[in-house]
Amino acid sequence: MITFLISLVVLIVGFALYSKLIEKVFRVDDRQTPAVAHPDGVDYTPMKTWRLFLIQLLNIAGLGPIFGALAGACWGPRVYLWIVFGTILGGGVHDYLSGMLSERHDGASISEIVGKYLGKFMLQVMRVFSVILLILVGVNFSKNPAQLLAILTPETLDANFWLAVVLIYYFIATFLPIDKVIGKLYPIFGACLIIMAVGIAGVMLVDGSYRAQMPELWEYIGVEGMGHPTNTPIWAQMFVSVACGAISGFHATQSPMVARCMTSEKEGRTIFYGAMVTEGIIALIWAAAGVTFYGSVGALNEALAGGQSVVVNEICQSMMGPVGGVLALLGVIACPITSGDTAFRSARLTLSDWFHIDQGNWKNRLLLSVPVLGVGALLTQWGDFATLWKYFSWSNQTLAMMVLWAGAVYLHRNGFPPIACMMAALPATFMSAVSITYFIQAPECLNMSTSIAYPVGIVVAVVFFGIFIVREWMGHKDDVTKLAA
């Protein structure tokens with residue numbers, strides 16, 4: 001319990017102190033935001049801070065900080081360190097920069113921002129990469145909720161029926177103005193996500209039997225406690241398994257959606273950094289709940305083999321009773337859907353920025369919404385996405401790496417102090433090592449030994465950092481595509 005409480009306090013204090021430092025070095029001012037300068041009633045729609053915070057939280061979270069944290073908890077409470085410091089030093093910076101850079105570039109999609117600062121080649125790569133990634137996210141979060149709904153309803157309402165319903169909803173959420181569907185539903189489900197996590201944390205801290213089972217970090221320092229139950233290496237597997245709840249590139253595709261609705265730059269700290277820290281707290285609670293409820297990482301790993309949704313449902317119902325069961329049901333169905341709809345909407349926005357298509361006109365929105373959802377609908381009939389989703393995990397952290405490098409370049413080229421540049425460049429270097437190492441060692445990628453993956457990942461990350469220093473500080477500012485080659 002001590003390790004958990006200390007981690008929770010560090011997250012909260014980290015937000016209070018480090019987010020203020022980020023805000024200060026970023027030099028927020030009173031300039032007009034895109035929503036104030038040219039509201040269009042569709043994507044550029046002014047909304048209140050609290051509503052945008054909850055929309056951003058659900059945009060970036062969904063089931064990510066629950067499923068990812070449970071998987072990461074198989075390494076024991078050491079995952080707390082990644083959640084805490086990853087959130088404060090990496091995820092919060094990543095989300096704040098992606099949101100604020102979008103706001104300062106008229107609400108531009110993350111692909112346009114990365115391309116502007118990492119070169120034309122990376123612009124084209126990011127455009128294609130972002131659209132494919134977003135559609136695949138939307139597809140994955142179509143099939144799973146549909147299958148769960150089919151189990152819970154009469155046989156006549158099969159998975160295909162619910163899949164059609166989910167896709168129709170996705171089309172509506174993608175096509176209509178952001179305040180008509182997303183702006184109304186997201187705050188409700190965002191609040192449910194927070195309530196579910198607070199309830200789980202409360203039971204663990206109040207119930208003596210659970211308190212006694214909560215693991216401590218020092219219990220996992222010994223040789224026997226260092227390994228994953230399946231001997232999966234902690235570096236860099238854990239840092240990819242726990243993305244949402246520490247740092248996730250997917251967040252950068254979602255932040256521009258909210259950046260187009262802000263009415264003041266001063267809201268950025270609460271909306272972007274605040275939502276990331278809230279997600280980190282949710283992940284911390286669920287990581288603790290996983291090893292606490294099942295008593296050991298081995299038992300948790302066995303339970304996860306039966307499905308993460310089953311684990312979430314079992315923990316919620318056992319700890320919170322019928323109320324927990326309802327919240328779990330909302331979580332495993334509503335949360336994926338709320339990730340899928342914004343994924344498709346972000347794909348539309350990315351395409352509109354790419355081809356310069358004004359989205360204030362409903363015909364233009366229809367021109368993009370129909371093919372985006374049409375491709376998604378076709379892909380749902382493709383088959384099993386389990387293997388494909390493993391590649392998403394790596395792609396997700398690779399995207400975070402590129403966004404952080406772009407942020408570091410932006411800060412330096414716009415005259416920000418060196419400390420500001422390093423606040424982006426250092427986590428960018430770390431994520432470069434994570435991404436390269438994982439790609440070399442992961443079974444679904446090159447599947448090479450850690451003796452090769454570890455040194456290569458570290459060397460490549462150091463080279464990236466060196467390129468950044470040489471090309472930026474030494475005056476070569478024309479083309480930095482090698483940073484994310």
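W235 is buried, with a relative accessible area of 18%; buried means under 20%, exposed over 50%, and partly exposed in between (1.4 Å probe, protein chains only). The model is predicted, so to speak of local features takes a pLDDT of at least 70, and side-chain atom pairs count only at pLDDT 80 or more, while totals for chains, interfaces and linings use all residues. Residues are numbered from 1 along each chain as its sequence is written, and side-chain values use heavy atoms, with hydrogens and water left out.

**Aromatic pairs**

The structure holds 20 aromatic pairs, where rings of Phe, Tyr and Trp (its six-membered ring) pair if their centres lie within 6.5 Å; planes under 30 degrees apart are stacked, over 60 edge-to-face, and the rest tilted. Here are two of them.

| Pair | Centre to centre | Angle between planes | Type |
|---|---|---|---|
| W235 and F430 | 5.5 Å | 70° | edge-to-face |
| W354 and F355 | 4.9 Å | 10° | stacked |

W235 sits in helix α11 (residues 234-241) and F430 in helix α18 (residues 418-441), so this pair links distant parts of the chain, 195 residues apart; helices are DSSP runs (H or I, at least four residues), numbered from the N terminus. F430 has 33% relative accessibility and therefore counts as partly exposed. Elsewhere, ring pairs join F26, Y96, Y117, Y410 and F416 into a cluster.

Helix α5 (residues 78-104) has 27 residues, which should span 39 Å, and its end C-alpha atoms are 37 Å apart, in agreement. The expected span is 1.5 Å times one less than the number of residues. A kink of about 55° is centred on T87; the bend at a residue is the angle between axes fitted to the seven residues ending there and the seven starting there. Of the 27 residues of α5, 24 are buried. After α5 comes D106, with a positive phi near 60°.

Helix α3 (residues 49-60) reaches 16 Å from its first C-alpha to its last, close to the 16 Å expected for its twelve residues. Nine of the twelve are buried, so α3 is largely enclosed by the rest of the structure. Among the buried residues are L52, F53 and Q56.

Of its 16 lining residues, Y44, D106, R260, S352 and D353 are the closest to its centre. The lining divides into three nonpolar, six polar and seven charged residues.

Note on methods
1 Å grid on protein atoms, 1.4 Å probe; cavity = no way out; pocket = protein on both sides within 12 Å on 5 of 7 lines; lining within 4 Å. Nonpolar A, V, L, I, M, F, W, Y, C, P; charged D, E, K, R; others polar. Helix = DSSP H or I, 4+ residues; strand = E, 2+ residues; numbered from the N terminus.
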